[in-house]
Amino acid sequence: MEEKYETLKIQQESPNSGVFNLIINRPSVSNALGLNFFSEFPKVLNALDQNPIVAVIILSGSGNHFCGGIDLKSLAAIADDNSGDQGRTRERLRRKIKLMQDAITAIERCRKPVIAAIHGACLGLGINIVTACDIRYCTKDAFFSVKEVDLAITADLGTLQRLPGIVGFGKAMELSLTGRRFSGDEAKELGLVSRVFGSREELKEGVRTIAEGIGGKPPLAVVGTKAVLIRSRDVNVEQGLDYVATWNSSMLLSEDLTEAISAQKQKRKPTFAKL
């Protein structure tokens, strides 16, 4: 956990807390992210996922913005990598895109819930990141844009696949084709975020309280709920029901269940073992 990263930093909310802050840490460039982010991000998420102390992850940005998009220097480097055989160049580019996609999908692979706490700009790559998160909140002054179309890019890291399921197909199409900027309040109206906070301080405190609440719930039920919801999103209802039946047949009969029932009967706060 003490390893240093170029694009990220990790902070435990408090010494005894299961809530960990994962902070995008390039404030000098509005948290625009280069190619090294795509190697660091899944590595950090996996480390947090495997740490039994971690119950919930809050993803935020340092400085004035959540994420200003992809670093244009990195984008230019990708565009300039076209020497030699064109077939091999394009195959290499496809592998690079798949690697970048996989880095964002690491949010969904992480068993622990990942909550996005968004302030300031959330542009392009930022939208790819937050649409993969499990819950999203923002400040009133946050602003968003599916920016790729203005950079001559068809968004390819998850926005076009995940955003329609969050805000609806028609709204996702409009936002993605126009690339227009929209506010935190409109993000709430669209369903992209669950709640808008008045300030960054209120966002931090509010999301911390929500994360601590989730972190106090039975861990097997929390990771199971995330896994089943993500699986059910991508299959039909019958397949989703079959998946959760299989999941609970292996996970339901646990010490968590016994403790939750006992605590309810005894009117006390339950205590659960870490994962």
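E174 and R180 form a salt bridge (a side-chain nitrogen of Lys or Arg within 4 Å of a carboxyl oxygen of Asp or Glu), with their closest N and O atoms 2.6 Å apart. The model is predicted: local features need pLDDT of at least 70, side-chain atom pairs count only at pLDDT 80 or more, and totals for chains, interfaces and linings use all residues. Residues are numbered from 1 along each chain as its sequence is written, and side-chain values use heavy atoms, with hydrogens and water left out.

**Salt bridges**
- The count comes to 15 salt bridges.
- E174 is partly exposed at a relative accessible area of 33% (buried is under 20%, exposed over 50%, partly exposed in between; 1.4 Å probe, protein chains only).
- R208 pairs with E205 in a salt bridge, the closest N and O atoms being 2.6 Å apart.
- R208 and E205 lie three residues apart in helix 8 (residues 200-215), so about one helical turn separates them.

**Strand 2**
- All six of the six residues of strand 2 (residues 19-24) are buried, so the rest of the structure largely encloses this strand (helices, H or I of at least four residues, and strands, E of at least two, are DSSP runs numbered from the N terminus).
- V19, N21 and I23 are buried on one side, and F20, L22 and I24 on the other.
- Strand 1 (residues 8-12) runs antiparallel to strand 2, joined by five bridges (pairing requires at least two DSSP bridges).
- Strand 3 (residues 56-61) pairs with strand 2 in the parallel sense over six bridges.
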